[in-house]
Amino acid sequence: MVGAAPIEHAAASVQAGPAAAPAITSVVTDSRQAGPGCLFVAIAGQRTDGHDHIAQVARAGGGAALVSDPQAARASLERDGGGQDLPLLVVPGTVEALGALARAHLVDLRARASRRGAGLTVVAMTGSVGKTTTKDLTRQLLAAQGPTVAPVASFNNEIGLPMTVLGTEESTRYLVLEMGASGPGHIDYLTAIAPLDAAAVLMVGHAHMGGFGSVEGVAAAKAEILRGLEPTGTAVLNRDDPRALAMAGLAPAEVLTFSAAGDPEADLRATGVELGEGARASFDLHLPGLPAPERVTLALPGAHNVSNALAALGLALAAGADPQGLVASLAQARIESPHRMDIGTVERPAGQVLLIDDSYNANIDSMTAALRSLPVVAGTRRSVVVISEMLELGESSRGDHALAGRTAGEVGADLVVGIGAGTGPALEEASRAGARTVLMTDAQEAVASIDALLLDGDAVLVKGSLGSGAWRVADHLKEATDR
């Protein structure tokens, strides 16, 4: 619950409607989610401006609106409000005010928890790949220990993270946050809102190269999460990634390292990794606090998820979870967010198709991991790869797409469908490896054409950046066909 005191930290002035001191019980940024007692944060986005929807909030019984353009807000009320009014809290910038509100809310909650002799532990992860899967796993591991709040999907930016923080209440024992960045300083901003008790760096790769300029720039940005640790906070670092491991000197206190490659120097490690049915990994888990390694099998597919599971275990250990309980919880943990290695049979006009939907986002690291999983999942089926452009890669774009095409060829893809001109280098390399290739102008054309390219029994991997639309193909293939 969001109280009045934190709101005072965010508001510069108040233009009051009929209720000058509203009782605020929730915060929303989407006017369609407005209801009694909510504070609506009006954000000017690329497609719509929240100030134009103030009347909808008023009609829904909202408590107040946080605005930076009161004239536009009043115009909305006069135009569409039907006589309704709404208190307006006027600030220079609503996104910044949302962050200040979340920061004050968390400070207040931590102080109250301390007075009760309880605790509110805040953990987060960052990395070029695996953030959302690790978030999902960490949430489930900690939820088995106590009340836990975590983001929906990939709410990991300057809007999504404060909204997650504002979802906490007095009963919350663990807050799990995902921190993304597309440029320097972004994670510094997020940790200023939510200082951390534990932070994991999963991998430094090629994501958002256009915003960082180099892998070294990516590493520097990811390292910001360690600056956001509390003085007693724990750093959880990937020992298999030299750039992540090099950040150990930035940790203010304890460092836990993990290794999916079985490095004996790692605190948490996996040995004897094997992929079984559905590409699910089994391995011997070496975990501090266990008297001996225990054999575990993940419920989620892909060898790359061994590393994500170890990172989640490290964060849960740092949060004080019981090691033996973590082993039991890990075996049940699944990917909860959409479009991430979601595997299932769908019925299409051509017949049954095995869909591997990993279409939420992509860079060359996550693309390679998904492609490497394809042969194990597909088995003897004909393999079809549908990729849309990997965005924000900067100068590495052509080379990364070419590498994706070569990898598709190496794993035996029979058909590679590219969405967008940027996938041209991938199709060239896949064709050289013997795959049939088809170029689609955009996601709309791919949705209209994909069924005609499929055969009964195909295994179809769909992968690409969010903005280039591969997920639209995955959603189309799932429409009214899930079995």
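P291 sits in the loop that links strand 13 (280-286) to strand 14 (294-301); helices (H or I, at least four residues) and strands (E, at least two) are DSSP runs, numbered from the N terminus. With a relative accessibility of 80%, P291 counts as exposed, where exposed means over 50% relative accessible area, buried means under 20%, and partly exposed falls in between (1.4 Å probe, protein chains only). P291 and Q324 are 33 residues apart along the chain, and their C-alpha atoms are separated by 9.6 Å. The model is predicted, so local features need pLDDT of at least 70 and side-chain atom pairs count only at pLDDT 80 or more, while totals for chains, interfaces and linings use all residues. Residues are numbered from 1 along each chain as its sequence is written, and side-chain values use heavy atoms, with hydrogens and water left out.

Next comes an open sheet of 6 strands, which follow the order 15-16-20-17-18-19 with mixed pairing; two strands pair if DSSP finds at least two bridges between them. Strand 15 (342-348) and strand 19 (436-440) are the edge strands, and each has a single partner strand, so one side of each is left without a neighbour in the sheet. From one strand to the next, the twist averages 20 degrees. Inside this sheet, strand 16 (residues 351-358) and strand 20 (residues 459-463) pair in the parallel sense over 5 bridges, and D358 stands opposite K463 in strand 20. Helix 14 (residues 364-378) packs on the sheet and touches strand 15, strand 16, strand 17 (383-388) and strand 20, with contact meaning heavy atoms within 4.5 Å. The direction of helix 14 makes about 170 degrees with that of strand 20; axes are lines fitted to C-alpha atoms, for helices over the stretch in contact, and angles run from 0 to 180 degrees between N-to-C directions. Helix 17 (residues 443-453) also packs on the sheet, touching strand 15, strand 17, strand 18 (415-419) and strand 19, and its direction makes about 145 degrees with that of strand 19.

S383 is a handy residue to look at here, and it lies in strand 17. S383 counts as buried, at 5% relative accessibility. Leaving aside residues up to four places away in sequence, S383 touches L374, A378, G412, A413, D414, L415 and A459.

Now for a pair of helices. Helix 15 (residues 397-410) and helix 16 (residues 424-432) pack at an angle of about 35 degrees, and their axes are 7 Å apart. Their crossing is right-handed, meaning that the near helix is turned clockwise from the far one by less than a right angle. On the helix 15 side, R398, H401, A402, G405 and R406 meet P425, A426, E428, E429 and A430 of helix 16. Sorted by class, this contact has 4 nonpolar, 2 polar and 4 charged residues; Ala, Val, Leu, Ile, Met, Phe, Trp, Tyr, Cys and Pro count as nonpolar, Asp, Glu, Lys and Arg as charged, and the others, Gly among them, as polar. The buried residues of helix 16 are G424, P425, A426, L427, E429 and A430, and they pack against strand 17, helix 15, strand 18 and strand 19. Just after helix 16, G434 takes a positive phi of about 105 degrees.

Elsewhere in the chain, strand 10 (residues 229-238) is mostly covered, with 7 of its 10 residues buried. Strand 10 runs parallel to strand 9 (residues 196-201), and 5 bridges join the two; L229 in strand 10 is the bridge partner of L196. Strand 10 also runs parallel to strand 11 (residues 255-259), joined by 4 bridges, and V236 stands opposite L256 in strand 11.

The largest nonpolar core has 47 residues, of which L177, M179, I225 and L226 touch the most other members. A nonpolar core is a set of buried Ala, Val, Leu, Ile, Met, Phe, Trp, Tyr and Cys residues joined through side-chain atoms within 4.5 Å. Helix 4 (residues 94-115) gives the most to this core, with 7 residues. Apart from this core lies another, of 39 residues, among them Y174, L256, F258 and A311.

Last up is L137, found in helix 5 (residues 131-143). L137 is buried, with a relative accessible area of 0%. Not counting residues up to four places away in sequence, L137 touches L300, N308, A309, A312, A333 and R334. L137 and P425 are 288 residues apart in sequence and 35 Å apart in space, C-alpha to C-alpha.
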